[in-house]
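Please consult the sequence and the structure alongside the text.

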Amino acid sequence: MKIVYLDSFPLGEDIDMSTLKALGSFSSYDRTDVKILLERAQGAEVVLTNKCVISAETMDALPDLKYIGVTATGYN
């Protein structure tokens with residue numbers, strides 16, 4: 001399973017990601033600009049986001065995507 005965390009910066013460095021890493025291929029980025037979001041998330045089944053907005057167009061462009069996790073305390 002490919003898991004991509006698009007913007008982990010707000011979490012800080014003290015969060016243990018070993019459980020996510022154990023589930024498959026895990027990539028984490030401090031920040032992701034909208035211009036490279038699709039490139040980073042391509043092929044991912046799971047996308048985690050804090051600040052990056054995942055639009056309907058983005059979801060349509062990611063056919064393998066099964067889950068979007070929002071790690072923020074609010075929602076749009």
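What share of the contacts in the chain with a separation of 6 or more comes from residues 24 or more positions apart? Such pairs account for 39% of those contacts, a contact being heavy atoms within 4.5 Å. The structure is a predicted model, in which local features need pLDDT of at least 70 and side-chain atom pairs count only at pLDDT 80 or more, while totals for chains, interfaces and linings use all residues. Residues are numbered from 1 along each chain as its sequence is written, and side-chain values use heavy atoms, with hydrogens and water left out.

**Overall fold and dimensions**

- The chain contains three helices and four strands, and along the sequence these follow the pattern β-α-β-α-β-α-β. Helices (H or I, at least four residues) and strands (E, at least two) are DSSP runs, numbered from the N terminus.
- The chain is as compact as a globular protein of its length, because its radius of gyration of 12 Å is close to the 11 Å that the globule rule gives for 76 residues. The radius is taken over C-alpha atoms, and the rule is 2.2 Å times the number of residues to the power 0.38.
- Along the principal axes, the C-alpha atoms fill a box of roughly 35 × 25 × 20 Å.

**Surface, burial and charge**

- The accessible surface of the chain is about 5,100 Å², and carbon and sulfur atoms contribute 53% of it. Accessible areas come from the Shrake-Rupley method with a 1.4 Å probe; for residues, only the protein chains shown count as cover.
- Of the 76 residues, 30% are buried. Buried means under 20% relative accessible area, exposed over 50%, and partly exposed in between (1.4 Å probe, protein chains only).
- The chain carries 7 positive and 11 negative charges, whose mean positions are 2 Å apart. Lys and Arg count as positive and Asp and Glu as negative, without His and the chain ends; each charge is placed at NZ of Lys, CZ of Arg, CG of Asp or CD of Glu.

**Largest nonpolar core**

- The largest nonpolar core has ten residues, among them Val4, Leu6, Leu37, Cys52, Ile54 and Leu62. Such a core is a set of buried Ala, Val, Leu, Ile, Met, Phe, Trp, Tyr and Cys residues joined through side-chain atoms within 4.5 Å.
- Leu37 belongs to helix H2 (residues 37-41) and is buried, because its relative accessible area is 4%.
- Beyond four places in sequence, Leu37 touches Leu6, Thr32, Cys52, Val53, Ile54 and Thr58. The C-alpha atoms of Leu37 and Leu6 are 7.5 Å apart, although 31 residues separate the two along the chain.
- With neighbours within four places in sequence set aside, the contacts of Leu6 include Tyr29, Asp30, Arg40, Val47 and Leu48.

**Second core and strand S3**

- A second, separate core of six residues includes Tyr5, Met17, Phe26 and Val46.
- Val46 lies in strand S3 (residues 46-49) and counts as buried, because its relative accessible area is 12%.
- Val46 and Met1, 45 residues apart in sequence, have a C-alpha to C-alpha distance of 7.9 Å.

**The loop between H3 and S4**

- Leu62 sits in the loop between helix H3 (56-60) and strand S4 (67-70), and its 5% relative accessibility makes it buried.
- Leaving out neighbours within four places in sequence, Leu62 is in contact with Leu38, Ala41 and Gln42. Its C-alpha atom is 6.8 Å from that of Gly43, 19 residues away along the chain.
- Ala61 is placed in the loop between H3 and S4 and, at 30% relative accessibility, counts as partly exposed.
- Ala61 touches Leu38 and Gln42, not counting residues up to four places away in sequence.
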